[in-house]
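Thanks, everyone. I would like to take a few minutes to walk through one model, and I will give the cut-offs as the terms come up.

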Amino acid sequence: MSTNLGDQQPEKELEGPPAKKPRRNPSSSDCAAAATVVTNSSATSAVSNSNGDIVHALVSCDIQGNHPPHQSEGIAMDSSTRNGMEHADEEPAVRAASHGMTAVGQTNGHNQGDCNEVQIDEGLYSRQLYVLGHEAMRRMAATSILISGLKGLGVEIAKNIILGGVKSVCLHDQGNVEMGDLASQFFLREEDVGKSRVDVCRPRLAELNMYVDVTSYRGQLSRDFLSQFQVVVMTEGSLAESMVINDICRQNNGHFLLCKTFGLVGQLFCDFGPDFTVLDCNGEPPISCMVSLITHDEKGVVTAADEARHGLEDGDCVTFQEVQGMEELNHLAEPLRIKYINPYSFAIGDTTHYSPYVRGGVVTQVKMAKHLHFKTLRDSLLQPTFVEMDIAKWGRPQQLHLAAMALDDFRAQHKGQSPRPHNQQDALNFVALCQAVKGRLSQEALGGLEALDEAVLTTVSRTCRGDLCPMQSVMGSIAAQEVLKACSGKFHPVFQFLYFDAFECLPTSQAAASAEAAPNGANLVISEEEAQAHNSRYDGQYHVFGKAFVHKLQSSKWFVVGSGAIGCELLKNFAMMGLGCSPQGRIIITDMDTIEKSNLNRQFLFRPQDVQRIKSDVAAAAAKAMNPQLNIISHQNRVGPDTEKVYDDTFFEGLDGVANALDNVDARMYMDRRCVFYKKPLLESGTLGTKGNVQVVIPHLTESYSSSQDPPEKSIPICTLKNFPNAIEHTLQWARDLFEGLFNAPAGHVNRYLEDPKYIGEHVLKLPGAQPLEMVELLKKCLVEEKPKSFADCVLLARQHFEDLFVNQILQLLYNFPKDQMTTSGTPFWSGPKRCPHALTFNADNAMHLGFIIALASLKAEMYGLARNLSPSEVHDMAAAIHLPPFQPKQGLKIATTEAEQTQQSSDAGHSLQDQDNQTLSDMLHSLPPPAALKGFRMKAIEFEKDDDSNFHMDFIVATSNLRAENYDIAPADRHKSKLIAGKIIPAIATTTSLVVGLVCLELYKLLQGHKSLEQHKNSFVNLALPYFGFSEPMPAPKNKYGDKEWTLWDRFEVQGDMTLADFLAYFKRQHQLEVTMLSQGVSMLYSFFLPKDKAQERMGWKMTELVRKISKRKVEPHVKSLVFEVCCNDLQGEDVEVPYVKYNLPQASSAPTTTANSS
């Protein structure tokens, strides 16, 4: 790359066209804990340069400490801002945004036009919008990005940014495609070798997002050219060139990122200018909770209502609403900063100058903007600030910082060449250069670093020529997210250097694993000859791991379950790594879903023309195009008991491992059980917005996925939903339940009545309690009382439902519990979480009222197969003309106010029919039309579908929820938020997916290396918003014991042969000194000590397969090679002991039965 600082514009070629949830949700305080700040007073640096006299002259003057004038602006940081995390200069984010202090707003001088005019395609970006929000997306859509360098790292960054939806991306690269580029550059093909790298990549990247203008440029980077961009990303070139580009970005009030990888090491540097505003540091929705008490004293302690956790952290800012008594809090001009006391209370300071608190109140967190003061690259090289990515490697960033600077020097001395792979002499020279660089920096600058870690630095030298796709995924995704932060001001940026290494992926010596020999216990056993290039697409891996290991990758057999966002990223990485790319290897992928438009924002193997095609087929073909050597087979099966004929013993026994890419816990747990049963490693991962986690499951070493589970989601009490909502989540769940009760569930009962003559007698009348009466009432309502004959009838029904739901039910509630009702303890009934409601008055001119009528009438018409033949104006006029009788309260109606009362009422209802005159039920049955009278009619069951804006589903949910919210004076939710909550959408963004899969593939390297130490494997927990990176050793498999034998979930009794039950029981007593007291398979109890003597005696002579067949009423399928039995046992002393399950291997036709068994 060359850099031109002249004013002349060079010639250029410009062309244009997402758990398991993360097990931990790090707080913003984790970010501060993960950051280390190192400063340096030294003003000397030796940064080498090999690219041009102009660059050399500028850098040379700066080595002497003579900074260009623009470098002195706002660089110094005082003690309050020195750590980059805690700043005194905060203000409410809303005000900061209104002042124009956005990441790319007025403060940096770029004219982006009116962001509010940008239209966001919610169909495409739906999942990402729930991560970033509309405002951040609009700011991104007004930003232009330059990415320099289009090898594996550059294309990964570009891919994620383009999927994210910025205004434009310019791709800069002056090189041609080389065979080695194919190690990680997934948009290059072998036939592209020799062509311009940027010309080949541009159209392939442009396909990712039609809304992003993707251009290419092959000229020099001049000041004028760089002035077009708000963000510049450098992935190649020397430090000297990068410093010059960084300086120019500073002059242009732009943002600069430097990102590189050297084998198993990644480097990221961010400079977002002297005053960068972060509008939202963590992306979490503002916390809100109800208040039960505020003390009237100097401390001002606030206590949350109902013993609920407030969720706030020390230093958070809050506002108050609806406080009675201490009403001054409701009208404060500025938010109050809190002091954390405990999970249920916090302090706001002196409240003695306010009126005494009486009751009520809602406290809401206020997002505060932060101003960060970044240093330039040239200053940061001397005074680096690090984000610790792995706290277990304390001091590692300082070592890698020296290595990065020394590597730049080495390349300058060797005509741009890095140290030769696994060459001992180059490694010695490299360590000497590191020592020289260390001598030019102060000990303070390196965080008190006293000695070089020669093992780390030697490993860097041996492997730095490597080009690994998983490393590009990790660093490229982090860098891309930082670009989006620079564009939007959303989330806290990396401040300022981040280093990452994955040396654990290297092989270990079986003879000795010495921590002195290489980092993390790795003993490098790769010869220089093994690591030589062969003009192959796998040269980048040969340089790190050697040729033999790559051949092992190629002959591996893996099963990928799921072809969504994670599945697409897995296939990309696998293709680049060469996994399953020899005749002996293969990858099988399965997914039964079809591609939808919303998938295109994250699942980058799919294109608009692929919508409605099978995901697994399209993904497999796309991965095959990336590497034609890939042996990949696509299936369209759901994994589960129904497909065990396909994924049987033979299938799993032929695998080397499984990689899950699933979107639900049940399927994950099923695959986890299969992997444990077949003793196969499992790579598990998941994302939730900017959060992600990776878990590696290793046979006989770690716990399994199912060993630990997320806590269950907190459910909303029924009485809260029915009568006492206090949050929009409550009204949305109520609306969702109402949708099911009105439009889905009734159709099933009606159609069974119409189709099955025995439905009433054999099903309905045999239901317990009052259910028969309730069921017949439902049938009568659907088929007689509320059966519409026209769309006009549907409008009338909708108007009646409005009156019932938002008027009569509220008036009945207030009849039972008047506004001035007091409890037995003398406190107001309507206080705390109980919000006093008010009835609505229907107004056809109110858009929400009319929207409810249209949506409900349209859905009713769809259920009954009626045409919607009235226009909105006709519906308006008809609804306005409908007059309904006034409310009459029901006497003696009981309304539950607590969960206990609700449970009691449900229990009472179960017995109420016993006291009723069965004549009522008989009369209702006679009023039902006979099925013959409704011949040909079937009611349509409407399944809720959130993503179709034309089907009235979300129209009904939004209107119903917001009308109920109006009843209770709850702030309404717009359609976007309503869809998130009611549709239970999992927010997703491409960057998190790419990062998580990169970490998964690094673990795959370790699995294939055969690492058996927990220390070398990493479970990962990340949050790109903070940013937070947490790595931990996998949990070991829990140990159990019977007698003197230890066992884990990976062990089982393995029994060979065809035994009778008597043989089986005797075998355990003889071989394991265990008395089997109960024997089961699945839900079938095959034997127990309390069986009647005659039954037990009869079963003793049955073969085990016959026992299963007769008791479970299921035959043993031909594909089944073994049966799984669960046993309860007593030891010889009669004590109950916990033992593993039994794997009973069925005799094969070619082998004689035996009666041997072993416990693994």
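Predicted model: local features only at pLDDT ≥ 70, side-chain atom pairs only at ≥ 80, totals over all residues.

**Aromatic pairs and their surroundings**

Let me begin with two phenylalanines, F269 and F497, both of which are buried, where buried means under 20% relative accessible area, exposed over 50% and partly exposed in between, with a 1.4 Å probe and protein chains only. Residues are numbered from 1 along each chain as its sequence is written, and side-chain values use heavy atoms, with hydrogens and water left out.

Rings of Phe, Tyr and Trp (its six-membered ring) are paired if their centres lie within 6.5 Å, with planes under 30 degrees apart called stacked, over 60 edge-to-face and the rest tilted. The count by this rule comes to 50 aromatic pairs. F269 and F497 make one that is tilted, at 4.8 Å centre to centre with 45° between the planes. This pair links distant parts of the chain, since F269 sits in strand β8 (residues 265-271) and F497 in strand β19 (residues 497-501), 228 residues apart; helices (H or I, at least four residues) and strands (E, at least two) are DSSP runs, numbered from the N terminus.

A second pair joins Y1042 and F1053, whose ring centres are 5.9 Å apart with planes at 55°, so this pair is tilted. Y1042 belongs to strand β28 (residues 1040-1042) and F1053 to strand β30 (residues 1053-1056), so the pair ties together parts 11 residues apart in sequence. Y1042 is buried at a relative accessible area of 5%, and F1053 is buried at 0%.

What forms the aromatic cluster that includes W734? Its members are W734, F739, F743, F802, F806, F842, F852, F944 and F956. R964 lies over the face of W734, at 4.0 Å from the ring centre, a charge counting as over a ring if NZ of Lys or CZ of Arg is within 6 Å of the ring centre and within 35 degrees of the ring normal. K834 lies over the face of F724 in turn, at 5.2 Å.

Turning to a helix, α30 (residues 953-967) has 15 residues and reaches 21 Å from first C-alpha to last, close to the 21 Å expected, which is 1.5 Å times one less than its number of residues. Of those 15 residues, 13 are buried, so α30 is largely enclosed by the rest of the structure. D969, which follows α30, has a positive phi, near 55°.
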